[in-house]
Every structure is written in structure tokens, then in C-alpha cells.
Amino acid sequence: MAAQRKHLVRDFNHFITCYVCKGYLIKPTTVTECLHTFCKSCIVQHFEDSNDCPKCGIQVHETNPLEMLRLDNTLEEIIFKLVPGLREKEQQQEIEFWRKNNSKENGEGESPKSKRARIEDEEEENGDQDYHRSDPQIAICLDCLRNNGQSGENVVKGLMKKFIRCSTRVTVGTIKKFLSLKLKLPSSYELDVLCNGEIMGKDHTMEFIYMTRWRLRGENSTVYVVHKSICFSERVTSYPMVLEYRPRIDFG
């Protein structure tokens with residue numbers, strides 16, 4: 001019987017170390033667009049200055065790359081099992097961090113667990129809050145685009161309430177999910193969203209479309225947008241920006 005080969009931890013370092021800090025992955029967090037994984041603190045700090053993946057350079061998101069991050073708890077457990085003492089070391093460092101940085105009003109000497117419990121209690125007292133209300137808002141009209149003889153028209157109908165108001169940070173991908181939910185479409189069903197006859201990419205935000213695609217923007221604009229960086233005249237009315245949707249056309 002052949003002797004089993006023993007593997008050293010360093011044999012796996014390529015899979016369990018962070019590309020940014022070169023240390024073992026702590027709270028491993030994966031970028032969903034390219035599936036590269038980094039320490040949570042490393043990738044969050046990187047996205048403060050860039051929207052691109054630090055390893056492959058792909059654009060993760062046009063405006064908010066943090067939305068494309070997912071914690072990998074399974075990988076974290078594997079790393080803790082592979083590297084002796086790493087879990088205990090990180091827990092001790094976290095406790096020391098809170099001891100040094102917590103002020104009296106935030107609970108001096110408070111452990112991470114007790115801090116989380118206090119925060120959860122405060123959230124329950126405050127109740128649910130809508131954290132998107134402070135975002136710039138835009139009014140949109142969602143029209144069903146009908147082409148004679150196009151397959152899928154019997155499935156895709158017009159909305160009962162086609163006027164919505166949402167954050168300017170909302171992407172076309174989110175609008176597609178909203179439409180699929182409201183129209184009760186199968187999960188495999190694909191839609192195209194258009195502005196002025198041009199198909200919009202799934203990562204395009206409403207602000208980007210308004211600034212670059214919406215033809216009525218200007219002196220006689222009929223778009224209702226509240227944005228700190230945009231100044232409108234009094235002639236701006238509350239008519240929305242029009243987006244059209246239809247069954248996806250396969251040009252292949």
C-alpha cells in the first residue's frame with residue numbers, strides 16, 4: 001500500500017491568502033463578478049478608491065461595487081481548520097481592538113459580542129428604517145414595448161401601476177427583477193429594458209441613464225429628479241423618465 005503524502009499548510013497558501021495584504025484570508029469576501037476572494041477589510045478599503053477588482057482589473061460595478069461582495073463562511077471555516085491557532089489569534093486581536101478604540105459613551109471595554117447585542121437592541125427600539133429615502137430620487141414610467149408578431153408578447157403585459165419613484169442608484173438589473181416580480185414571469189424569462197430605443201446594460205444606474213441617454217433632459221426637461229449635483233429651473237415638471245421593456249430578442 002502506497003504511503004499517503006502529507007501536505008503542508010504552505011502548499012495551500014495560494015488558495016487561502018489575500019492578494020492585497022498577502023496574509024491569510026480573514027472574513028473571506030468574494031467579488032461576485034469575477035469570483036476573486038479577499039479579506040473583507042482589504043476589499044472594502046480598496047473599493048473606497050476604485051471600482052475595479054484589485055486582482056484582475058474588471059469593473060465590478062459602475063457606482064457601488066460593495067453591492068457585489070459576498071462573505072464566504074465555508075472558506076473561513078476551512079482556513080481556520082488548516083491554520084492552527086488562527087481563529088484564537090483573530091478573536092484575541094478583535095477583543096484588543098475594541099478595548100483600545102471604544103470610548104466611554106460607546107461602551108468602554110465592551111466585547112464585540114456584547115456590542116452586537118446592544119446594537120440589535122437599539123435597532124429593535126428604533127424599528128425598521130428605510131435607508132434609501134436619503135438617496136437622490138427619480139420618477140420613472142415603465143412602459144411595455146409591443147412589436148407586432150414578437151414572441152413572448154402574451155407573457156409580458158403592461159403594469160397596472162407603471163409609475164414608480166426610486167433611488168437614482170437603482171440599476172437596470174434591479175428594475176428587471178422588479179418587473180419579473182410584478183408580472184409574475186418565470187425565473188428563466190429575460191427582459192430587455194430600453195431608453196429612447198437603446199437597450200440598457202444591467203449595471204446602468206438610473207442616474208447614468210438620465211445623464212447620458214434621456215433625450216428630454218435640458219431646458220424643457222420633464223424629468224423629476226432630486227439630486228444635490230443637479231440644478232433645475234422652475235419649469236421642470238413632475239413627468240417621469242420613460243423606460244420601456246420587452247421580451248429579450250435573441251439576435252444569434
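Among contacts in the protein chain between residues at least 6 apart in sequence, what percentage join residues at least 24 apart? The share is 54%. The model is a predicted one. Its protein chain holds 7 helices and 9 strands. Of the 252 residues in the protein chain, 31% are buried.

The largest nonpolar core comprises 25 residues. Leu-142, Met-206 and Leu-243 have the most contacts inside this core. Six elements each supply at least two of its residues: β4 (137-144), β5 (163-167), α6 (172-183), β6 (191-195), α7 (206-212) and β9 (241-247). Leu-142 illustrates the packing. Beyond its neighbours within four places in sequence, Leu-142 is in contact with Leu-159, Lys-162, Ile-164, Ile-175, Phe-178, Leu-179, Leu-243 and Tyr-245. Another core, of 19 residues, lies apart from the largest one. Its members include Ile-43, Leu-69, Ile-79 and Val-83.

Helix α3 spans residues 73-82. Its buried residues are Leu-75, Glu-76, Ile-79 and Phe-80. These four are on the same side of α3 because they cover an arc of only 140° around the axis. In general, an α-helix has 3.6 residues a turn, so residues three or four places apart point the same way. The face of α3 turned away from the buried side carries Thr-74 and Lys-81, both exposed. Against what do the buried residues of α3 pack? Their partners are α1 (13-16), β1 (28-31), β2 (37-39) and α4 (86-101).

Strand β6 is largely enclosed by the rest of the structure, because 5 of its 5 residues are buried. Leu-191, Val-193 and Cys-195 point one way from the strand. Asp-192 and Leu-194 point the other way. With β9, the pairing is antiparallel and runs over 4 bridges. Here Leu-194 has Glu-244 as its bridge partner. With β7 (residues 198-199), β6 pairs in the antiparallel sense over 2 bridges. Cys-195 is the bridge partner of Glu-198 in this case. The hairpin of β6 and β7 has 2 residues between the strands. In this hairpin, Asn-196 takes a positive phi near 55°.

Arg-248 is found in the segment after β9. Is this residue buried, partly exposed or exposed? Arg-248 has a relative accessible area of 44%, so it counts as partly exposed. Along the chain, Arg-248 and Leu-191 are 57 residues apart, yet their C-alpha atoms are separated by 4.7 Å. Not counting residues up to four places away in sequence, Arg-248 touches Lys-176, Glu-190, Leu-191 and Asp-192. With Asp-192 there is also a polar contact between side chains, at 3.2 Å.

Thr-171 lies in the loop between β5 and α6. Its relative accessibility is 8%, so Thr-171 counts as buried. With residues up to four places away in sequence set aside, Thr-171 touches His-61, Lys-202, Asp-203, His-204, Thr-205 and Met-206. Met-206 is also one of the residues with the most contacts inside the largest nonpolar core.

How many disulfides does a search of the whole structure find? The search finds 0. A disulfide is a covalent bond between the sulfur atoms of two cysteines. The cut-off for a disulfide is a sulfur pair within 2.5 Å. Cys-53 itself is buried, with a relative accessible area of 3%.

Most residues other than glycine have a negative phi. Lys-22, in the loop between α1 and β1, has a positive phi near 70°. At 58% relative accessibility, Lys-22 is exposed. Leu-35 is placed in the loop between β1 and β2. Its phi is positive, about 65°, although Leu-35 is not a glycine. Leu-35 is exposed too, with a relative accessible area of 62%.

Terms used
Residues are numbered from 1 along each chain as its sequence is written. This is a predicted model: local features need pLDDT of at least 70, side-chain atom pairs count only at pLDDT 80 or more; totals for chains, interfaces and linings use all residues. Side-chain values use heavy atoms; hydrogens and water are left out. A nonpolar core is a set of buried Ala, Val, Leu, Ile, Met, Phe, Trp, Tyr and Cys residues joined through side-chain atoms within 4.5 Å. Buried means under 20% relative accessible area, exposed over 50%, partly exposed in between (1.4 Å probe, protein chains only). Contact means heavy atoms within 4.5 Å. The arc is that of the directions from the helix axis to the C-beta atoms. A polar contact is a pair of N or O atoms within 3.5 Å; within protein, one must be able to donate a hydrogen and the other to accept it, and residues adjacent in sequence count only if both atoms are side-chain atoms. Two strands pair if DSSP finds at least two bridges between them.
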